[in-house]
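Please look over the sequence and the model below. A short report on the fold follows.

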Amino acid sequence: LLKIDIEGSELVALRGGNRALARTRQVMLEIHKLAVDPREIVSIIEAQGFHYKLYAETFHIVLLYAWR
């Protein structure tokens, strides 16, 4: 399980963490919508072969759970 909660730097972590994602079966991610477009995160997650579900969306935060 990889948990990511880094206050708006989610894209940086995902783009630089391809090897970690390749070894990971589950991801929990807090997406800060004011800093990053959730669609960009979803695109990276899908490209890595994950299925995903978005939870608990508020004005500025979305929680994402991904698995494979």
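Which residue is the bridge partner of V27 in β4? It is A66. This is a predicted model: local features need pLDDT of at least 70, side-chain atom pairs count only at pLDDT 80 or more, and totals for chains, interfaces and linings use all residues. Residues are numbered from 1 along each chain as its sequence is written, and side-chain values use heavy atoms, with hydrogens and water left out.

## The sheet

Four strands form an open sheet with mixed pairing, in the order β1-β2-β4-β3. The edge strands are β1 and β3 (51–55), each pairing on one side only. From one strand to the next, the twist averages 15 degrees. Strands here are DSSP runs of E, at least two residues long; helices are runs of H or I, at least four, and both are numbered from the N terminus. Two strands pair if DSSP finds at least two bridges between them.

β1 (residues 2–4) and β2 run parallel, joined by 3 bridges. L2 has V27 as its bridge partner in β2. β2 and β4 pair in the antiparallel sense over 7 bridges. Q26 stands opposite W67 in β4.

## The core

The largest nonpolar core has 16 residues. Such a core is a set of buried Ala, Val, Leu, Ile, Met, Phe, Trp, Tyr and Cys residues joined through side-chain atoms within 4.5 Å. Buried means under 20% relative accessible area, exposed over 50%, and partly exposed in between (1.4 Å probe, protein chains only). Residues with the most contacts inside the core are L14, L29, I31, I41 and L64. α1 (10–16), β2 (26–32), α3 (38–47) and β4 (61–67) each supply at least two core residues. The largest share, 4 residues, comes from α3.

β2 is largely enclosed by the rest of the structure, because 5 of its 7 residues are buried. Contact means heavy atoms within 4.5 Å. Leaving aside residues up to four places away in sequence, L64 touches residues including L29, I31, I41 and Y52.

Rings of Phe, Tyr and Trp (its six-membered ring) pair if their centres lie within 6.5 Å; planes under 30 degrees apart count as stacked, over 60 as edge-to-face and the rest as tilted. The Y65 and W67 rings have centres 5.5 Å apart and planes at 20 degrees, so the pair is stacked. Y65 is partly exposed at 23% relative accessibility. W67 is partly exposed too, at 33%.

Notes:
Axes fitted to C-alpha atoms, helices over the stretch in contact; angles between N-to-C directions.
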